[in-house]
Amino acid sequence: MGNIAIYPGTFDPITNGHTDIVARASRVFDHIIVAVAASTAKNTAFSTDERVDIAQRILAEHKNVEVRRFEGLLAHFVRQCGAKAVLRGLRAVSDFEYEFQLAGMNKRLVPEADTVFMPTSEHYSYISSSLIREIASLGGDVSEFVHPLVNDALVERLGKHHKK
């Protein structure tokens with residue numbers, strides 16, 4: 001299968017920032033596995049199956065991208081998939097310290113894989129899933145930050161239509 005990268009996250013919900021990273025990385029790697037974390041300490045708005053389904057539908061146009069759920073240690077999933085890279089998006093310098101620490105630990109746990117940092121495109125640098133959830137839960141319009149499928153799912157889940 002060639003050069004495989006794992007792009008892990010909760011993707012709750014998947015944002016235009018995430019899809020931008022996937023689109024750009026799909027030109028660099030032979031195969032990308034968007035790894036949706038099933039076990040998370042975060043209170044998610046959507047179940048793992050819902051997050052996987054939404055991501056699969058949104059990312060279907062990228063033929064070298066697949067979406068899979070994973071549980072447990074990322075290092076085990078990376079090894080199981082035969083990946084040589086863990087893809088991480090960086091929105092701001094403030095993300096780097098935490099991501100750098102994770103990269104170091106992952107390198108110790110799975111030395112055959114490297115972490116590749118990809119900066120988010122500038123116009124997505126302020127978008128985060130938690131911010132999207134918060135705005136949507138308060139009835140705000142998040143349609144410019146997420147795919148229409150995600151926007152519809154948020155409105156349905158939270159029962160709030162945005163006010164302009």
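Which residues on the other side of H3 are exposed? I looked up His76 and Gln80, and both are exposed there.

**Entry 1. Basis**

I note that the model is predicted: local features need pLDDT of at least 70, side-chain atom pairs count only at pLDDT 80 or more, and totals for chains, interfaces and linings use all residues. Residues are numbered from 1 along each chain as its sequence is written, and side-chain values use heavy atoms, with hydrogens and water left out.

I took helices (H or I, at least four residues) and strands (E, at least two) as DSSP runs, numbered from the N terminus. For burial I used these classes: buried is under 20% relative accessible area, exposed is over 50%, and partly exposed lies in between (1.4 Å probe, protein chains only).

**Entry 2. Helix H3**

I listed the buried residues of H3 and found Leu74, Ala75, Phe77, Val78 and Cys81. Seen down the helix axis, these buried residues fall within an arc of 160°, so they line one face of H3. The arc is taken from the directions between the helix axis and the C-beta atoms.

I then asked what covers the buried residues of H3. The cover includes strands E1 (4–9), E2 (31–37), E3 and E4 (85–90), together with helix H4 (93–109); contact here means heavy atoms within 4.5 Å. After H3 comes glycine 82, with a positive phi near 70°.

**Entry 3. Leucine 73 and the surface patch**

I located leucine 73 in the loop between strand E3 (65–70) and helix H3 (74–81). Leucine 73 counts as partly exposed because its relative accessibility is 39%. Leu73, Met105 and Leu109 make a nonpolar surface patch of about 260 Å². Patches are made of residues with over 30% relative accessible area and no salt bridge, with like charges joined within 9 Å and nonpolar side chains (Val, Leu, Ile, Met, Phe, Trp, Tyr) within 5 Å. The areas come from the Shrake-Rupley method with a 1.4 Å probe, and for residues only the protein chains shown count as cover.

**Entry 4. Salt bridges**

How many salt bridges does a search of the whole structure find? I recorded nine, a salt bridge being a side-chain nitrogen of Lys or Arg within 4 Å of a carboxyl oxygen of Asp or Glu.

Arginine 79 is bridged to glutamate 112, with the closest N and O atoms 2.8 Å apart. Arginine 79 lies in helix H3 and glutamate 112 in the loop between H4 and E5, so the pair ties together parts that are 33 residues apart in sequence. Both partners are partly exposed: arginine 79 has a relative accessible area of 41%, and glutamate 112 has 35%.

A salt bridge also joins the side chains of aspartate 49 and arginine 69, at 2.9 Å from N to O. This pair links distant parts of the chain, with aspartate 49 in helix H2 (residues 48–59) and arginine 69 in strand E3, 20 residues apart. Aspartate 49 counts as exposed at 53% relative accessibility, whereas arginine 69 is partly exposed at 37%.

**Entry 5. Aspartate 20**

I found aspartate 20 in helix H1. Is aspartate 20 buried or exposed? At 14% relative accessibility, aspartate 20 counts as buried.

Arginine 24 forms a salt bridge with aspartate 20, the closest N and O atoms lying 2.9 Å apart. These two are four residues apart in helix H1 (residues 16–25), which means that about one helical turn separates them. The side chain of aspartate 20 also has a polar contact of 2.7 Å with that of serine 121. A polar contact is a pair of N or O atoms within 3.5 Å; within protein, one must be able to donate a hydrogen and the other to accept it, and residues adjacent in sequence count only if both atoms are side-chain atoms. Leaving out residues up to four places away in sequence, aspartate 20 touches Ser121 and Tyr124.

**Entry 6. Serine 125**

I placed serine 125 in the loop between strand E5 (114–119) and helix H5 (129–137). Serine 125 is partly exposed, at 28% relative accessibility. Its side chain reaches the backbone oxygen of glutamate 122 at 3.0 Å. Not counting residues up to four places away in sequence, serine 125 touches Arg91 and Thr120.

**Entry 7. Loop between E1 and H1**

Phenylalanine 11 is not a glycine, yet has a positive phi of about 50°. Its relative accessible area is 3%, so phenylalanine 11 is buried. In the loop between E1 and H1 I also noted proline 13. The peptide bond from aspartate 12 to proline 13 is cis, with omega near 0°.
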